[in-house]
Amino acid sequence: MPDLQALVTDFVLKLKRRKIEGSQATAKQTAELLRQVVSQQRMPYTNQASVLIDAVRAVGEQLIAANPIELAVGNIVRRVLHIIREENLSSTTAAMEGLGLTAGSDDDEGEHEDRPGLSAAAVAAAARSTLRAPSLQTLLEDIPESAVAPHPSSSGGDSEGKSKSADRSSRSKKLKHDVIEAINELIQDIDTCHELISEQAVEHIHQNEVILTLGRSRTVKEFLCAAKEKKRTFRVFVAEGAPRYQGHVLAKELVGKGIQTTVITDSAVFAMISRVNMVIVGAHAIMANGGVIAPVGINMVALAAQRHAVPFVVVAGSHKLCPLYPHNPEVLLNEFRCPSDLLDFGEFSDCMDYGSLGGSPLLHVVNPAFDYVQPKLVSLFITDTGGHNPSYVYRLIADYYSADDLVVQRNST
Amino acid sequence: MEPSPKPNHGISAYYQTRAEHHAIISGDWLSQAQAAAAAGHPPEGPPASAAASKPFSVIDEFNHWRRKPDLAEAVAAIMALVAGIRSSDATTMMELEIELKKASDALKSWDTTSISLSAGCDLFMRYVTRTSALEYDDFHAAKLRLIERGEKFGEISLKARRTIAMLGQDFIFDGCTILVHGFSRVVLEVLKLAASNRKLFRVFCTEGRPDKTGLRLSKELATLGIPVKLLIDSAVAYAMDEVDMVLVGADGVVESGGIINMMGTYQTALVAHSMNKPVYVAAESYKFARLYPLDQKDLEPALRPIEFGVPIPAGVEIEKSARDYTPPQYLTLLFTDLGVLTPSVVSDELIQLYL
C-alpha cells in the first residue's frame, strides 16, 4: 500500500507546477486521493465522522493552497466533506430509528429517551436541514438543542446501551464503507459528466443552425459531436483562442467527425456574431452567483452575443460548480501564464533590456489565463443535471455542498 | 383599546423611532448590541411590574422595546409578542394563537408604515403556527417552548449583524472606494469589521437629507480611522466613476428580491447600475417582508418633516416620503445572516416560507 503522505506531497507538487491540466482530470485525481485518505484513516469508536472530516480537511487545505486558482480541487474537497456528513447522518438516523424501537420495548434499562414528542423522523429532518445552507425556514424551525446534540458529534449517542457495542463496531465499518462507495460514485459522475451533458445536445442544437465557440473545451467537443451523431446538420465557427490556439485543435477534431467548421480569429467574433444562432463555450469554474470563470477571450464573446441577442450557453460538469462568491474576480482568480505563448524566445529581446531605464524594461508581456463573465451575460448553463439559469446556481450548490464546509480554504490562507 | 396615542398623523412612527435612535447614536451602542448578543440576553427585562398591575398591552410592550437603540423594530415586535404569550391566560393552543394573531394585528395597524415591524410579526406568527412545539401534548410545555424559542429568535436576530459583517467584509478589498447611502447599523458593522481586519479602503457618504444620516455615519467612520468623504445627495452620479461598490442597508427586503430603503437608494442604484458598479445590500433576515411592490407608489408612504431652511411659498407641495423601492435588477448581492444571496434567492426564501 503506497504511503499516503507521499501521495499527497506528490499531488501537491503536481498542482504547484501546474502539471495537471483541465478541471476534470484535477477533480478526478483529487477525488481518488481523498478516497485513499478515507480508506487509510483509522477509525475510533466514537466521533467517526468528525475524525474523517478532520482528515479530509487537513489534506484538502494543502491541496487548495497548492493551486488556489484551480477551483475544482476545493470543490471536490467540499463534495467529499459533504458526502461524509450525509452518510453519517443517514447512519445516525437509521440508528435512531432502531433505538426508538428498542427504547419502547426495554424501558427497564432506564435508558429511556428524554424527548417525548419528537419522532426519529423529525430529528432526522432537522439534522438534514442543518446540512443545508441556512434559510428562513430552518432559522424558524430548528429543533431544541437537546435533540440536535447527538447528530454532529457522532453516530450513536450516550443513551445507547453498552450491549450494543458489537453492533456499533459493525456500524463504524459501515460508515467508512458507505463514504468510500459514495466517493466512488462521485468519481464515476466526474467520468461520465460529458456523456450526460452531450445527451442533451439535440434539444439545444437545431437543424441548420450556426454555432460559435472559442478555444477548445472537451465538453463542447463532445456536445457538438453528440448532436452530429444524432443526424443534426449544423455549422460551427471556431474562434482560434489566442494565444494557445486550441481552437485549431478543436476545428480538426470537428472536421474529423464530419461537422462543417469555419475557423475565425478571435478578433473576428464581433464581425461574425450576427450570423450565429447560439454560442456554446466551456468554463473553468461556475461561481455561486452564476458568474463564470472561463478561458481568456470568452467575456468578449459573451458581450458580442449580448449585443446581438444571441443565446450564450455554458456547458460544464457539476465538478466545476464552486460554492464561493467571486469577491474580486478580475484580480484574485486569475492566473498569469508564461509569456512564451505570445512571443518566441529572443524575438523581442532588444526591447526587454533590463539595463536601460533603471532596470525595468519598456516592453511587458501579460498573459492572463481567465476571464470572468458576469451572470447577466449567461443565458443558460448545461450541466450533467440539465439546463439551469444563472440565478438557479445557488440551488445546485445547496444540493452539493454543506454550509459548514465553505470555509475550508480560508483556514489555509 | 389603544393605550399609547397613535403616532402623529403626518409623521410615521417608524420614522420617529429612527430619528430618536439616530439622535442618540454613538459608538457605544454597537458595543452595547454586541454585549447583548454575547450575553444572550436583551439588556433589560420587560417592565414586569407594569405588566402585573394593569392589563397587558402589546403596544406598550413594543414601545418599551423599541426605545432601545440596539434593537431593531422587528426584534422589538418579537419581544413584545413573546411577552404577550407570557402574560396570556389562554388555556388552549387555539386560544393562544388567536390572541397572538390579535396582538400582531394590533401592532401592525399601530404603525402601518414600518415594514420591519410587520415582517417581524409575520415571521413570528409563521414561527408559532408552524413549529413542532405544537406536537407537545401538554399545553404548558408547549407555551414554555414557544416563549423559549421566541427569546432565542430574538437572540439570533441580535447575532445577525455580526454574521453579516463577517460575510460582507470579504467583498471589501484593499484600495477600494465604497459609496454608502443612509445610516445603517449593519453597514457600519461591516465597515467596522473590515477596518479592524486592516483593510484599506475609503468611504463616500452621501449627506442623506433631510435627517443628515450620512453625517452621522461619516462621524462614526472617522472615529474608526476610515477615510471618509461626504457628498451631497445630488453628487452621486458625479462621484460614481471613482466608486468600486455601493453598499446600502435596507428597511425591508421584499418578495421580488428588491429592497425598500431610505429615499435616494433607488437613484443611487440606478446610477451604479448604469456605470456597471456592484450594488450590495446588507440586511438581516428578519427584514424579509411579505410585500411585492409593483412600483414606487405601491407602498405605504412613511412621511416625515423636511426642513428647507427657507419659508415655503404658498401653494407649493412637498414630497415627504422617507423611502423608496429599489427593484431587484439593480441589486447585485444581498449580505444576510442566511448567507450571501442573489435577489432571486430572497424571493425563493420568502415563497418557501409563506407557501
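**View 1. Helices α5(B) and α6(B) cross with a right-handed sense.** The model is predicted. Helix α5 spans residues 73–87 of chain B, and helix α6 spans residues 93–110 of chain B. Their axes come within 10 Å. The crossing angle is roughly 145°. From α5(B), the contact takes B:A77, B:A80, B:L81, B:G84 and B:I85. From α6(B), it takes B:L96, B:E99, B:L100, B:A103, B:S104 and B:L107. By class, the residues of this contact are eight nonpolar, two polar and one charged.

**View 2. Seven strands of chain B form an open sheet.** The strand order is β3-β2-β1-β4-β7-β9-β10. Pairing is mixed. Strands of a sheet pair through backbone hydrogen bonds, which may be parallel or antiparallel. Which strands stand at the edges? They are β3 (228–231) and β10 (339–341) of chain B. Each has a single partner strand, so one side of each lacks a neighbour in the sheet. From one strand to the next, the twist averages 25°.

**View 3. Strands β7 and β9 of chain B run parallel.** Strand β7 covers residues 279–282, and strand β9 covers residues 333–336. Three bridges join the two strands. Where does B:A282 find its bridge partner in β9(B)? The partner is B:F335.

**View 4. Domain 1 of chain A meets domain 2 of chain A.** Domain 1 runs over 4–193. Domain 2 is made of 200–334 + 369–412. The contact takes 27 residues from domain 1 of chain A and 21 residues from domain 2 of chain A. Which elements give two or more residues to the domain 1 side? They are α2 (23–40), α3 (48–66), α4 (71–105) and α9 (165–199) of chain A. Helix α4(A) gives the most, with 11 residues. The domain 1 side that touches domain 2 has 14 nonpolar, six polar and seven charged residues.

Notes: Residues numbered from 1 in each chain as written. Chains lettered and ligands numbered in written order. Predicted model: local features only at pLDDT ≥ 70, side-chain atom pairs only at ≥ 80, totals over all residues. Domains from an automatic or database assignment. Contact = placed C-beta atoms within 7 Å. Helix = DSSP H or I, 4+ residues; strand = E, 2+ residues; numbered from the N terminus. Nonpolar A, V, L, I, M, F, W, Y, C, P; charged D, E, K, R; others polar. Axes fitted to C-alpha atoms, helices over the stretch in contact; angles between N-to-C directions. Left-handed = near helix turned anticlockwise from the far one by under 90°. Pairing = 2+ DSSP bridges.
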